[in-house]
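User: I would like to learn how to read salt bridges and helix packing from a model. Please take one feature at a time.

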Amino acid sequence: MIREASSRSALEISRAVNEGQLRLEDMANAALESIDAGHKVLNTQVHWNRAEVSDSLKEQIKTLESSLRSKKNLPLAGVPFLIKDNIMVAGEIASCGSRFLSNHRAAYDATVITRLKAAGALLCGRTNMDEFGMGSSNENSAYGPVRNPWNKEYVAGGSSGGAAAAVSAGLVPVALGSDTGGSIRQPASFCGIYGLKPTYGRVSRYGLVAYGSSFDQIGPLARSIRDLALVYDVIAGPDPLDSTSHNLSAESSLERLSAEPQDLKGIKIATVREYLGDGLNPEVHAAFQRALEVYKSRGATIVDVSLPLLKLAIPTYYILATAEASANLARFDGVRYGVRTQDPNLSLKEMYTRSRSEGFGKEVKQRIMLGTYVLSAGYYESFYGKAGRIRAAIRQELESVFKGGVHLIASPTAPTTAFRLEQKTQDSLSMYLSDVYTIVANLAGLPALSHPIGCDSQGLPIGLQLMAPMFDENILLRSALQYEEQERPDLQPRGIFA
């Protein structure tokens with residue numbers, strides 16, 4: 001049954017269900033069996049209860065059958081879906097990978113969930129994640145680390161590691177993650193799949209538990225560009241419930257992929273000089289250069305640019321993101337939200353302190369303390385204020401490149417392939433540097449996409465990142481499709497699901 005669930009793309013499933021060639025019950029049962037088997041080995045899920053999910057699917061199928069009988073053509077009809085554990089679904093526990101919210105049930109659906117349901121998707125569970133999205137390896141979860149389906153002794157990447165591993169292993173064809181500094185793209189790279197971070201504001205954040213409100217963005221993970229475009233089309237668009245949502249009408253990226261030229265003539269892709277030096281693994285560098293040759297063969301022009309401010313991206317990001325995390329997580333106190341300490345003989349202040357100390361993990365505490373420090377009266381301007389100005393300067397530097405005629409900026413998605421479990425858990429700086437190429441898109445609010453370009457000598461996937469001007473997701477999808485159709489990258493893990 002694992003092969004049954006993994007052998008079909010989301011597009012194939014939707015087409016077959018809409019045409020009456022595939023029963024919803026069969027697809028749901030195949031997905032349940034696949035997820036159940038995969039989770040036992042990879043730890044992809046949280047709050048996993050097969051019987052409860054099965055009951056939920058039966059109710060979803062009743063609604064879908066009614067829509068299908070009325071001849072509605074649903075874009076995601078019968079497509080099994082998994083969502084990251086920080087996205088709200090009414091009545092379900094949304095714990096964000098944390099002990100602190102292990103008893104918190106969502107009161108409403110996130111906008112992306114409303115849109116997935118309306119499009120006919122079958123919601124099959126919640127995926128494991130780094131606690132509150134804070135991590136680059138999915139080892140910071142209260143539910144244990146996610147394992148990479150290409151090699152179980154290696155990390156899946158973070159913080160959307162559960163979603164990436166599930167899609168890579170074929171448990172479902174598509175999933176939703178969230179991206180604050182690379183949390184969709186980096187695990188997509190580590191797991192050999194596709195991951196898209198849309199332009200900030202292009203997809204509603206209503207119902208996404210915030211880590212860094214000016215950085216967070218929901219996006220899809222898939223095993224093909226067309227599936228990625230299919231899901232993006234469903235979830236993108238303005239939302240009156242999200243004040244940061246841009247008032248741009250939705251368009252069909254999937255249809256444009258077929259209508260636009262089947263080459264990249266006239267497209268200029270820039271590589272960044274500062275990205276290709278120290279810290280970049282030689283095998284990743286070599287694979288990146290080979291991938292650029294593929295783009296050249298499709299008609300693209302490759303140019304070299306210098307972006308000197310990018311060397312400040314890591315400190316700028318971690319000052320601003322931790323400051324926002326400190327403010328956003330202040331509400332989790334054991335009174336309004338979260339698990340309260342069991343000791344009844346405490347003052348209010350002691351209860352707050354004990355509840356947060358017991359509920360939050362080490363990495364979350366570390367980032368809250370750093371964020372609180374940079375926001376304190378004596379250091380606000382020296383750290384937070386200065387970081388805000390550097391962020392604006394980085395955005396302007398990137399805009400100048402695009403205004404100069406460049407259509408895309410290409411880089412490796414991560415400086416290395418996946419690393420061993422526990423290899424970097426005691427070295428925060430080394431872990432933070434895993435995001436060196438991805439955080440720039442979040443700082444500037446730009447769309448970015450990771451796609452697979454091969455494997456290293458250990459058989460671990462390598463990803464390439466493309467970054468585009470705001471609201472130009474279509475050029476990302478079109479360009480990555482050109483690579484996909486020429487190279488046909490091998491997306492089948494050589495681990496337990498080979």
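**Salt bridges and a helix pair**

Analyst: This is a predicted model. Aspartate 36 forms a salt bridge with arginine 50, and their closest N and O atoms are 3.5 Å apart. The general idea is that side chains of opposite charge can pair when their charged atoms come close.

User: Where in the chain do aspartate 36 and arginine 50 lie?

Analyst: The pair links distant parts of the chain, with aspartate 36 in helix α3 and arginine 50 in helix α4, 14 residues apart.

User: Is aspartate 36 buried or exposed?

Analyst: Aspartate 36 counts as buried, because its relative accessibility is 13% and the cut-off for buried is under 20%. Arginine 50 is partly exposed, at a relative accessible area of 35%.

User: How should I describe the way α3 and α4 pack?

Analyst: Two packed helices are described by the angle between their axes and the distance between the axes. Here the axes of α3 (residues 24–42) and α4 (residues 50–69) come within 10 Å and cross at roughly 155 degrees. Angles over 145 degrees count as roughly antiparallel, so α3 is roughly antiparallel to α4. The crossing of α3 past α4 is right-handed.

User: Which residues of α3 and α4 meet?

Analyst: From α3, the contact takes in Leu24, Glu25, Ala28, Leu32, Glu33 and Asp36. Their partners in α4 are Arg50, Val53, Ser54, Leu57, Ile61, Leu64, Glu65 and Leu68. By class, the residues of this contact are eight nonpolar, one polar and five charged.

User: What does a salt bridge inside one helix look like? Take glutamate 59 and lysine 62.

Analyst: The side chains of glutamate 59 and lysine 62 meet in a salt bridge with an N to O distance of 3.7 Å. Both belong to helix α4 and, because they are three residues apart, about one helical turn separates them. Glutamate 59 is partly exposed, with a relative accessible area of 48%. Lysine 62 counts as exposed, at 53% relative accessibility.

User: How many salt bridges does the structure hold?

Analyst: The structure holds 17 salt bridges. One of them joins aspartate 109 to lysine 117, with the closest N and O atoms 2.8 Å apart. Lysine 117 is partly exposed, with a relative accessible area of 37%.

User: Which residues are linked in a network of salt bridges?

Analyst: Arg23, Glu25 and Asp26 are linked in such a network.

Definitions and conventions. Residues numbered from 1 in each chain as written. Predicted model: local features only at pLDDT ≥ 70, side-chain atom pairs only at ≥ 80, totals over all residues. Heavy atoms only, no water. Axes fitted to C-alpha atoms, helices over the stretch in contact; angles between N-to-C directions. Helix = DSSP H or I, 4+ residues; strand = E, 2+ residues; numbered from the N terminus. Parallel < 35°, antiparallel > 145°, perpendicular 65-115°, else oblique. Left-handed = near helix turned anticlockwise from the far one by under 90°. Contact = heavy atoms within 4.5 Å. Nonpolar A, V, L, I, M, F, W, Y, C, P; charged D, E, K, R; others polar. Salt bridge = Lys/Arg side-chain N within 4 Å of Asp/Glu carboxyl O. Buried < 20%, exposed > 50% of the residue type's maximum accessible area, 1.4 Å probe, protein only.
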